Amino acid sequence: AIKLARELNIAQTAKADEAIAYAQSVTNERDLLLKEQEKLIKEQETTKEALRVANESRARADAVQTELNVELKNKLFRTERALNTQTAFSADATKILTFSTGQAPSVWDTRKDGTINIPRLGGDFLSAALSRDGTRVATASTTGEIVLTDLPSGAELHRFQGIAAKPTKVVFSGDAKRLAVLDTDSGLLRVIDVDSGNVLAEVGEASNPIVNMSFSERGRELAITELGGESKLVQIRPGQRPRVDSLTPGGCRPDAFDLVNFSPRPDLRAKLSFRVDCRPGITESVSFTIQKRLDNGEFFPLANFPEEIDRTSAGGEISSFLEKLKYKGISDETIRKISALIIEGADKMLAVTDADPAAKNAKQLAIARDLFDEIMDKLDLKDKSQ
């Protein structure tokens, strides 16, 4: 009995020890959980504080940004107002035009020491100009309207629309027969006849807009400055596109390149010659020749004529093309397409059988010109102004 009691006591003691050990492990786990809970609470408090600080910082940054935006807007407004503030004398110095964007222009008579009334013939004004003889005022408004006013009588002479979406500057030629209009929305400059409103010339491009201009006394030349800083001379030629020459030293580099034998057929030979000449002015040209081989081995021309690349974008197309050509060449796919065009065009020209040589030549030349345009299109050099 004593032995059994002792064994029972030992067993109970072991179970008690196990219970105590289990209780201790549970206690330890509880302590760990409590510590984790405290840690999470502290992290939440830290996060809340960080969010509060971040929100305060964001609010301060927003307030500063708002102030900067207001200041920048005011500076831009003042800058625009300053850039579009104009004063101009008449040739005899008897009249002075003063103008600021958004306000009606004023003309001062220096002999009478007073202003000459100009009827308000528009909405918010963007620009104004006084003719050199002091008899006409041109005003342009945010609606795009351009109004010509006779200064002595105050009568409206002309009202033009559709010349420019945002005519931010207008300038008379010296004889007051032409008016240059700068459109900052498109970056283009247009010259109009003041009697008819017809557009006589258009220059500029959106990628490098014109920012300033001045007219010659006789109204045939314009000096312009582009956003990129280059100055150019624009010569207005009746019935032709204007000629544009760079006034920036080093703005033109003479260059030449020939592309020969686009055609894989041995009986045909084709040649494209690209030229950039800088004197007396910048001239960019492409000459196209296509020839047919005779039975004796000699070639005779099916077509041979030059085409000038003289765009309203002020040129530079051939120069840019030659630079790309030197570094990248022409893809095989483009060569194949041009070769196919030449074979097709040559066959069409050979198919012309008119008995009259002049009629035959005219038809072949028309086919050749269409062929030339297609080749220029494949080379991304087609004259988009035509």
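The model is predicted, so local features need pLDDT of at least 70 and side-chain atom pairs count only at pLDDT 80 or more, while totals for chains, interfaces and linings use all residues. Residues are numbered from 1 along each chain as its sequence is written, and side-chain values use heavy atoms, with hydrogens and water left out.

The protein contains four helices and 20 strands. These are DSSP runs, numbered from the N terminus (helices: H or I, at least four residues; strands: E, at least two). Of its 386 residues, 35% are buried. Buried means under 20% relative accessible area, exposed over 50%, and partly exposed in between (1.4 Å probe, protein chains only).

The largest nonpolar core has 24 residues. Such a core is a set of buried Ala, Val, Leu, Ile, Met, Phe, Trp, Tyr and Cys residues joined through side-chain atoms within 4.5 Å. Leu272, Ile290, Met349 and Ile375 touch the most other members. At least two core residues come from each of β18 (268-277), β19 (283-293), β20 (299-308), α3 (332-350) and α4 (357-378). Leaving aside residues up to four places away in sequence, Ile375 touches Leu272, Phe288, Ile338, Leu341 and Ile342. Here, touching is contact, with heavy atoms within 4.5 Å.

Leu294 lies in the loop between β19 and β20. Leu294 counts as partly exposed because its relative accessibility is 35%.
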